[in-house]
Amino acid sequence: MCARNSIYTTPKPCKHLADYKLRHGFNTYYSIRICLKTTPNGRTRVAKHTTKIPRCSFCDRYQGRLYFCLMCSSLWCPTHILLHTQSEKGHEVAIDMNRSELYCCLCCDQVYDPDFDKVVVCNQVKDLPGGSKSKTNGFEACGERSSKRKRLDSGIGLDLKKSKLLVSMRDRRAKSCYPLGLRGLNNLGSTCFMNSVLQALLHAPPLRNYFLNDRHNSIQCRKRSGEKLCLLCDIDAISSAMFSGDRTPYTPAHFLYSWWQHSSNLASYEEQDAHEFFISVLDGIHEMESKIRNSGKDDGDCQCIAHRAFSGLLRSDVTCISCGFTSTTYDPCVDISLNMDTSNLSSSNANKPIKPDEKTGASTLSGCLNLFTRAERLGSDQKLHCQNCQELRDSSKQLSIRRLPLVLCLHIKRVEHSLVRKISRKINQYMQFPFSLDMTPYLSSSIVRSKFGNRIFTFEYDNSNSSAAYEIFAVIAHSGMLESGHYVTYLRLKNQWYKCDDAWISEVDEGIVRASQCYMLFYVQKLLYNEAIEDSSFVHISPRRDPFDSTAGCS
Amino acid sequence: MKHSVNRPPTPDAAEDQGKEPTLQEIINIKLIESGEKERLMELLRERLIDCGWKDEMKALCRAHVKKKGRTNVTVDDLVHLITPKGRASVPDSVKAELLQRIRTFLMSAAL
């Protein structure tokens, strides 16, 4: 277990703790180890007195917080622990029995010591079933993470200089008021689901750069594969059309045809779900590239542009409630589907006082993400086989993100299925979302760490880099009902928001975007976002400067 | 010497002081010994997270720390701050559920 600078700032020990350590070192920490008892849910308690219940040495209290003196193992409640410290010199540091956290009696406050946490955590890992042998408790080899990360970061090639050449020549032709790349898409019969996703995909920095850098050459593709239909070629054609400078709405008919061939089960003039379409397009891209490269790599390592941009890794921990044995699995994903956090909004808590700072009735993205990464107790009808107990047991499951993708697509599940009435209903509840998103609390490193309680011990896993910071660049909003609704995409280009409603593009205020009913949110890693902004070939001229310039599709 | 063998057993501290364990204490001991208390605590934690109580308390603490300044607040301060509000805002449904669990346990333990 190597120590590394982590993003968690280590609080400095108080004078008393520092003195204590100078005098006694780790001796008492180690001697405490025999008293530490780990419960199946991962909490560690100090449990020295197994025969009688722990009570305060002064007032016999057994309820509430109790402190265990590190020097003499006597027990005290918070009110009377000061008496002990005053009467016995050197007995300043104690442990909270239920939480295994250090307390300084003179400062009357919690204190932190990485060495202490190390002892506690080692003990926990050892005690939990399967702990010392397996790697599933978060203690993995050092070098693994950094090499994988390198592979994802490089290779997307923000070779903007090259793309500038391709684009700047046509720039002169367009008397445009909007940034390059903005162009309406005609609706071919309830295809707003397709148009909205295409707008988001084509402006995702990795994909935009991929196509602008001509990474998929149509001529070579046709020569190589001999296939007449290639989704990538079609997307490449749309991308060229979008960035051509021509502002008349484009008709992606060929793409629609290709996609119908690929996903024949969805081929109809009915309205489809945008998220389903998104998944099927990524799947189509992956298939095409696998054919070209003749590689059948699984999603985790795949180098096709769809996976390089969107693929992340989810970690799932299933814990047996009886013994604490945890089994961990990793699954790749191209997006995260979130349930809405509407449970907090019900009025079942009737006698709660009105909260001072909280908005009542607001669903937020962080609420949804918290719900996603919360430990969920599986019902008793879903008992799983525990390897340690060798029988079916109640378990709890917790998800977290092991590796974040370059482009994070968050899908908000707005469909509610009622088993009783056998109908599906759309949830129109407004959900608040931020423009800048920090995904750190939802990473496996944070979630696994929190299982050990309030520790400042450095875990190997800690991502001490900033790749958990994301900026939003596209929002797909849905309005209307389940069967008949409409999708629009809001794009953020160089800090200005644009509404892409099929063929109509317009500049909008960020307030409109915030107030919209979001269905899919697209975030990109902050570094990529900042690089995209700095590119100076896109000069933004405000439409107000050129009143006589009327271009169709640009309102 | 034989006399010492028949000596009554050494009384322990509680009996010495003439303290009878209260009903509450007896129940508590039974709960701890059987491990039921740990399970109940776990259930309570889950329920309080579910209904948003934990988030509320967190928000109260944050607001207090913001007001007083990070270095001027101790754990004891926070505990004294949120204990009355916390106790008052536990939802009735949670209380009812736990009471039911304890009742069930007592009935099974008495048998």
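A word on conventions before the tour. Residues are numbered from 1 along each chain as its sequence is written, and chains are lettered from A, with ligands numbered from 1, in the order in which they are written. Because this is a predicted model, local features need pLDDT of at least 70 and side-chain atom pairs count only at pLDDT 80 or more, while totals for chains, interfaces and linings use all residues; side-chain values use heavy atoms, with hydrogens and water left out.

Let's start with chain B on its own. Chain B has seven helices and zero strands, where helices are DSSP runs of H or I with at least four residues and strands are runs of E with at least two, numbered from the N terminus. Of the 111 residues in chain B, 23% are buried; buried here means under 20% relative accessible area, exposed means over 50%, and partly exposed is in between, with a 1.4 Å probe and protein chains only. If you take contacts in chain B between residues at least 6 apart in sequence, 68% of them join residues at least 24 apart, a contact being heavy atoms within 4.5 Å.

The side chains of B:R101 and B:E36 form a salt bridge, 3.7 Å from N to O; by salt bridge I mean a side-chain nitrogen of Lys or Arg within 4 Å of a carboxyl oxygen of Asp or Glu. B:R101 sits in helix α7 (residues 92-110) and B:E36 in helix α4, so this pair ties together parts that are 65 residues apart in sequence. B:E36 is buried at 9% relative accessibility, whereas B:R101 is partly exposed at 31%.

Now to the interface. B:E56, B:V75 and B:D76 supply 20% of the area that chain B buries against chain A, more than any other three residues.

A:R65 pairs with B:D76, the closest N and O atoms being 3.2 Å apart. This one runs from the loop between β2 (44-46) and β3 (67-69) of chain A to helix α6 of chain B. Are its two partners buried or exposed? A:R65 is buried at 14% relative accessibility, and B:D76 is buried at 12%.

Another joins B:E46 and A:R377 at 2.9 Å, N to O. It crosses from helix α4 of chain B to strand β12 (residues 376-377) of chain A, and A:R377 is partly exposed at 36%. A:R374 also bridges to B:D50, with the closest N and O atoms 2.8 Å apart. Both of these belong to a network of salt bridges that links A:R374, A:R377, B:E46, B:R47, B:D50 and B:E97.

Last stop, chain A. Helix α12 (residues 274-293) has 20 residues and reaches 29 Å from its first C-alpha to its last, close to the 28 Å expected at 1.5 Å a residue, taken as 1.5 Å times one less than the number of residues. A:D273 caps the N-terminal end of this helix, with a side-chain oxygen 3.2 Å from the backbone nitrogen of A:H275.

Finally, A:E510 lies in helix α16 (residues 510-515) of chain A and is partly exposed at 37%. Beyond its neighbours within four places in sequence, A:E510 is in contact with A:F435 and A:W497.

Thanks, everyone!

Key: Buried area = accessible area lost by both parts, 1.4 Å probe. Polar contact = N/O pair within 3.5 Å; in protein donor to acceptor, adjacent residues only side chain to side chain.
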